[in-house]
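Trainee: Could you show me how to read charged and aromatic contacts in a model like this one?

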Amino acid sequence: MTDPGVSVLADTLRGLCPGFAVTGSPLRTGTSLLLPGSIGGLAVLAKQPTDLRPFWQDRCRHEIAVYRALASAGTPPVPTPSLVAAEPRWPLLVITRLPGRPLHPDRYPAGPVPGQTLQRLLRTLGKLHRWQPCATFPDDGDYASQLAAHRGALIPPDDFDRIIHVCHT
């Protein structure tokens, strides 16, 4: 680990989560640093925003609040990561890693997503939407406007309409 940001994060994690060990290569997004690791054999993923603008710092705090609400909401209908540790002041969160692989290797795919992948995504969203958790989750905003830029080019119009329908029903 020659990246000083990674070294600082790993040191911070060892203070927050004694026994934290880095188990893979760090991943940098445009706004965050993700560090795979383990704590006593439990596979975890640490996340810390690297973008110091308040919006991105608050997004991480919001994510912490969602994981905390999820912990008290009862059993979700689909597998979800669990919050292992968090420090909203920095902000920093550590969650469990789920087995399997992502639906797509890119967060924002450049081309159409295969129909089977979209079907799995829609089924999962449908299960979450029908779930009646006992906790109140912090509202994150307007998904329709967040996804609108991808209509047509990335998400076929019929699939887009179904996704928006799931978000609003």
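This is a predicted model: local features need pLDDT of at least 70, side-chain atom pairs count only at pLDDT 80 or more; totals for chains, interfaces and linings use all residues.

Trainee: How many salt bridges does the structure hold?

Mentor: In general, one looks for a side-chain nitrogen of Lys or Arg within 4 Å of a carboxyl oxygen of Asp or Glu. The structure holds six salt bridges, and one of them joins Lys 47 to Glu 63, whose closest N and O atoms are 2.8 Å apart.

Trainee: What is the N to O distance between Arg 53 and Asp 51, and is Asp 51 buried or exposed?

Mentor: For accessibility, the general idea is that a residue under 20% relative accessible area is called buried and one over 50% exposed. The side chains of Arg 53 and Asp 51 meet in a salt bridge at 2.5 Å, N to O, and Asp 51, with 14% relative accessibility, counts as buried. A further salt bridge links Arg 89 with Glu 87, with 2.8 Å between the closest N and O atoms; here Arg 89 counts as exposed at 62% relative accessibility, whereas Glu 87 counts as buried at 12%.

Trainee: Which residues gather in a patch of positive charge on the surface?

Mentor: For such a patch, one looks for like charges joined within 9 Å, on residues that have over 30% relative accessible area and no salt bridge. In this structure the patch of positive charge is made of Arg 101, Arg 120, Arg 123, Lys 127 and Arg 130.

Trainee: Turning to the rings, why is the pair of Phe 55 and Trp 56 called edge-to-face?

Mentor: The general idea is to look at the angle between the ring planes, since planes over 60 degrees apart count as edge-to-face. The structure holds one aromatic pair: the ring centres of Phe 55 and Trp 56 are 4.8 Å apart and their planes stand at 85 degrees, so the pair is edge-to-face. Trp 56 itself is partly exposed, with a relative accessible area of 29%.

Note on methods. Residues are numbered from 1 along each chain as its sequence is written. Side-chain values use heavy atoms; hydrogens and water are left out. Rings of Phe, Tyr and Trp (its six-membered ring) pair if their centres lie within 6.5 Å; planes under 30 degrees apart count as stacked, over 60 as edge-to-face and the rest as tilted. Buried means under 20% relative accessible area, exposed over 50%, partly exposed in between (1.4 Å probe, protein chains only). Patches are made of residues with over 30% relative accessible area and no salt bridge: like charges are joined within 9 Å, nonpolar side chains (Val, Leu, Ile, Met, Phe, Trp, Tyr) within 5 Å. Accessible areas come from the Shrake-Rupley method with a 1.4 Å probe; for residues, only the protein chains shown count as cover. Lys and Arg count as positive and Asp and Glu as negative; His and the chain ends are not counted. The place of a charge is taken as NZ of Lys, CZ of Arg, CG of Asp or CD of Glu.
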